[in-house]
Structure formats: C-alpha cells, structure tokens
Amino acid sequence: MSVLAEFRDQVGRTPDVVALEFGDLALTYRELDERTNRLANHLVSSGAGAESVIAISLPRGVEMVVALLGVLKSGAAYLPLDPAYPEERIRFISQDARPAQVLTELPDDSASPITDPRAEVHPLHPAYVIYTSGSTGTPKGVVGLHGGLQTRLRWFDQRFPDQRTARAGAKTSLNFLDSITELFSAWLHGGTVVLADQRQAANPFELAALVEQAKIERLTVVPSLLAALLSPRLSGKLVTCTFWMSSGERLTPATAAAFARQLPGARLHNFYGTSEVSADSLWAPVTADDVPIGTPVDGTEVRLLDAALQPVPDDVVGELYVAGAGLARGYLRRSALTAERFVADPAGEPGARMYRTGDLAVRRADGVFEYRGRTDEQVKIRGFRVELGEVAAALRSHPDVEMAAATVEGSLLIGHVAPAGDPDELREHVARQLPAHMVPAQVRVRSSLPLTPSGKLDRMKLKDQNRSSG
C-alpha cells in the first residue's frame with residue numbers, strides 16, 4: 001500500500017484529530033485532506049501526474065505543507081525551491097528541472113472537488129527532485145522514488161511503534177528528506193505534527209521555546225543544532241521531547257555525552273543517509289560512550305568495499321555502498337553522473353544497482369558501522385552537504401579571480417583565490433549565486449595557489465600554507 005493510500009485510510013479513522021499545528025492555526029485530518037485534495041485536483045486538471053514535476057517555492061507555513069501533500073496526491077514529484085535561495089540558484093534549478101508548474105502561492109481551487117483524485121502512484125514513480133551540491137560546480141537533482149519513501153516509513157513504524165502518535169516537531173527544510181519523514185511518520189498513524197516557522201527552525205532559543213510551548217515529543221535535528229540546544233539555559237525547556245533523531249552531519253562523542261547529562265530521560269538515535277537513498281540507510285541508538293552510524297534499516301543493504309569493489313574485513317576502512325529499496329532513480333538529466341555514482345551491484349540480482357556514497361567507514365566485529373570521513377571533496381557544514389568544487393567555481397566566476405579553492409577549518413568554510421580580489425566583495429559575489437551555508441566565512445587572497453605536477457590543486461600544500469599563516 002502506498003504512503004498516500006495509508007494517509008487516506010488514516011483520515012477515515014481520525015477525521016477530527018488535529019493533523020497539523022502552526023502557530024495559532026490547526027488543521028484536522030479531514031481539513032488537511034480536503035485542502036490537499038482540492039489542490040491535487042486543480043493540478044491534475046492542469047496536466048500534473050506521474051513523471052511530471054511541480055516546484056514548491058513557498059515560505060514555511062500551512063500553505064507549504066498543503067502544497068507538498070497536494071503535489072504528491074496529484075501523482076507528480078515535488079521540487080523544493082527555497083524562497084531564501086539566491087535568485088541565480090533558483091533560476092538554475094528551474095531551468096535544469098523544467099517543472100511543469102511553480103507554486104509561489106496556492107491557486108484558487110475552490111471549484112475543485114474535495115474527493116481524492118487517487119492518482120496512480122507506483123513504487124517506481126518519482127516522488128521528489130531534490131538538488132544537492134555538485135562537485136563539478138553544477139548542482140544535481142536527485143530523482144527519488146515513492147518506493148524508497150514507503151520502505152523508510154514502514155521501517156520506522158515497525159521499529160518504533162511507541163512513536164506512532166507522538167507529537168512530532170517538523171523543522172527541516174523541504175530541501176532535505178527529513179522533512180517528509182517528519183510529516184508522514186505522524187500522519188500515517190493519527191499523530192499531530194507541530195510545524196516550526198522559519199525563525200524557530202533556525203534559532204535554538206526559538207526552537208526550545210516551541211518544544212516547551214507545544215509539548216513536542218519527537219524531533220529531528222543536525223548535531224550542531226543539538227549541541228546548541230543542550231546548553232544549560234535551554235535544555236530545561238526540552239523535557240517533553242523524549243525521542244531525538246540526529247541526522248545530516250557527524251554526531252560527536254562530546255555532543256552525545258552532553259545529551260546524556262542534560263536529558264537523562266530521553267533517547268538519542270544517530271541516522272546516516274543521503275537524498276540518493278531516501279534519507280536514511282543506517283541507524284543506531286546512541287550512548288555517551290558509543291556513537292556509531294549503526295546498522296542498516298530494513299530493506300537496505302550496506303556494503304563496505306575497497307577500490308576493486310571487493311569486501312573489506314572487519315575493522316578495515318572501506319567505502320560505503322548502499323543497495324536496496326531506497327535507491328533513487330538517479331540524477332535528473334545527468335546520465336554520466338548517474339552511471340558514475342549508481343553502479344552495478346556485484347552481490348545483487350542481475351541489473352541491481354548500489355549507490356557509491358563517497359563515505360569511508362569501518363565495520364566492527366558486532367556488525368555496527370563507524371564513520372571515518374570522505375573519499376572526495378564533499379563536506380558537511382552545520383548539517384548542509386557542500387561540494388567544495390561548487391564553492392570554488394562560484395569564486396572563479398569573479399573577473400578578478402583566475403584560481404580558486406575551498407577548504408574547511410574546524411566548522412568554517414574558507415575560500416582561497418588568486419591572484420587578486422577584495423574578500424568582502426568576493427563573499428557577496430558568492431552569496432548572489434549560492435545558498436548562505438555555501439558562502440565562505442573567510443576569503444583569503446593569495447598571489448597563487450599550490451599545484452601538483454599534473455596541474456591540479458595541491459591540497460596538502462594548501463593545508464600547510466594555512467597552518468603556517470595561522
């Protein structure tokens with residue numbers, strides 16, 4: 001049964017239960033169902049359906065959620081276009097994805113019927129197109145499937161039955177798949193979703209106040225935000241939230257230890273995954289003494305391989321490959337890149353694929369995986385995935401810059417350019433092209449950047465230069 005069919009059945013069981021809270025507004029399951037059905041029927045009448053893409057460019061609020069569910073009910077895939085993104089990035093994504101429609105406001109669909117359009121949704125139909133940072137300087141659109149979402153939500157339901165009706169906080173941007181699991185993990189069982197506004201989603205003080213006021217019981221956060229929430233000033237506001245999911249970047253032992261001290265009655269779980277594999281592939285319960293990325297979720301197979309695609313023994317570092325029901329179709333109109341990252345699975349059935357994550361890990365003797373870093377230039381900063389090559393490409397587009405690179409120092413993104421440029425002007429130049437989390441905290445101007453004999457950037461020498469200049 002599809003996620004949409006399960007939601008339809010839940011509406012029939014709990015029509016008058018509140019499905020969504022946002023500030024002083026509340027929608028029951030019946031009201032949410034009727035509003036999203038009207039939008040879905042409007043979209044269907046305009047030609048939306050399986051294999052079409054509808055962009056959503058709405059601020060956080062009830063209309064954003066109605067748009068998301070309405071697009072899915074029409075059978076189309078949703079494409080998030082964050083209104084806070086620079087115009088240049090929105091323009092690129094729009095031109096690359098070519099959505100059939102862009103929802104910047106909800107249409108007047110009062111004439112549309114409130115019955116569910118019951119659009120045909122197959123597990124292999126696209127559910128979303130989410131753009132991630134591109135290593136070549138070009139963002140890439142991940143085409144994720146309904147079957148992957150179904151598998152992820154079904155696993156969560158079966159693994160954590162006590163969370164079916166918990167009051168779930170929803171603070172994640174639509175640009176990340178945690179947003180849809182925040183919603184549907186509650187909606188499939190009659191739970192209530194408390195939606196954070198833009199300020200609450202980004203500010204730990206505002207978010208802690210929302211948890212306290214709305215009595216939120218479950219929350220998904222990136223580790224850097226979790227660390228901020230665990231300050232003594234804020235942790236006292238979090239006592240109602242007893243189920244925490246950490247996702248999006250590396251969870252450190254220090255944060256896990258702080259969680260155990262500040263919230264001794266709560267549970268913390270570490271999740272590992274990407275948009276290419278329907279958000280989550282591995283998970284683990286976390287203690288102050290053990291912070292792994294865990295074991296595979298149901299329907300997912302994780303392989304640890306060497307450069308020859310051969311399995312590595314326990315306690316030996318290898319690259320993570322993910323196979324199973326969660327795999328995306330690939331990258332939108334990027335067949336070469338799809339073939340490079342979604343490769344044949346030597347251990348699977350004929351035609352089976354696996355996703356090459358670029359992450360390094362070890363598998364312990366107990367079968368639990370631990371993260372060991374990246375094989376390429378991709379990094380995560382404050383939970384956001386950043387390709388350093390895309391940042392460098394934006395810096396190189398300035399007329400004063402001939403060479404550019406990007407590195408990470410601690411939790412800061414640093415830009416390096418040569419032979420000239422004003423650092424503040426260069427940061428503003430990047431900000432006009434890329435989201436805020438991809439704008440370097442500093443830009444360092446050099447006469448030249450170190451190169452290897454083959455003409456490539458010598459990152460080791462650049463790191464040494466940073467060390468000597470610091």
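Leaving aside its neighbours within four places in sequence, which residues is Asp298 in contact with? In this predicted model, the residues in contact with Asp298, once those sequence neighbours are set aside, are Thr151, Trp155 and Gln158. Asp298 itself is placed in the loop that runs between strand E14 (295-296) and strand E15 (300-305).

The protein chain contains 15 helices and 25 strands. Its radius of gyration is 22 Å, which is close to the 23 Å that the globule rule gives for 470 residues, so the chain is as compact as a globular protein of that length. The C-alpha trace spans about 65 × 55 × 50 Å along the principal axes of the chain, and 56% of the 470 residues count as buried. When contacts between residues at least 6 apart in sequence are considered, 65% of them join residues that are at least 24 apart.

The packing of helices can be followed in two pairs. In general, two packed helices are described by the angle between their axes and by the distance between those axes. For helix H5 (residues 146-159) and helix H6 (residues 178-187), the axes come within 10 Å and cross at roughly 55°, which makes H5 oblique to H6. The crossing of this pair is right-handed. On the side of H5, the residues that take part are Leu149, Arg152, Leu153 and Phe156, and in H6 they meet Ile180, Thr181, Phe184 and Ser185. Sorted by class, this contact of H5 with H6 has five nonpolar residues, two polar residues and one charged residue. Helix H6 is mostly covered, since ten of its ten residues are buried, and these buried residues include Asp178 and Glu182 as well as Leu183 and Trp187.

The second pair consists of helix H2 (residues 29-45) and helix H3 (residues 62-73), which pack at an angle of about 55° with their axes 8 Å apart. This angle makes H2 oblique to H3, and H2 passes H3 in a right-handed crossing. From H2, the contact is made by Leu32, Asp33, Arg35, Thr36, Asn37, Leu39, Ala40 and Leu43, while H3 contributes Val62, Glu63, Val66, Ala67, Leu69, Gly70, Val71 and Lys73. The residues of the contact of H2 with H3 divide into nine nonpolar, three polar and four charged.

A further loop position is that of His437, which lies between helix H14 (423-431) and strand E25 (442-445). His437 has a relative accessible area of 10% and is therefore buried, as this value is under the limit of 20%. If residues up to four places away in sequence are not counted, His437 touches Tyr85, Arg382, Phe384, Arg385, Val386 and Leu413.

Methods
Residues numbered from 1 in each chain as written. Predicted model: local features only at pLDDT ≥ 70, side-chain atom pairs only at ≥ 80, totals over all residues. Heavy atoms only, no water. Axes fitted to C-alpha atoms, helices over the stretch in contact; angles between N-to-C directions. Helix = DSSP H or I, 4+ residues; strand = E, 2+ residues; numbered from the N terminus. Parallel < 35°, antiparallel > 145°, perpendicular 65-115°, else oblique. Left-handed = near helix turned anticlockwise from the far one by under 90°. Contact = heavy atoms within 4.5 Å. Nonpolar A, V, L, I, M, F, W, Y, C, P; charged D, E, K, R; others polar. Rg over C-alpha atoms; globule rule 2.2 N^0.38 Å. Buried < 20%, exposed > 50% of the residue type's maximum accessible area, 1.4 Å probe, protein only.
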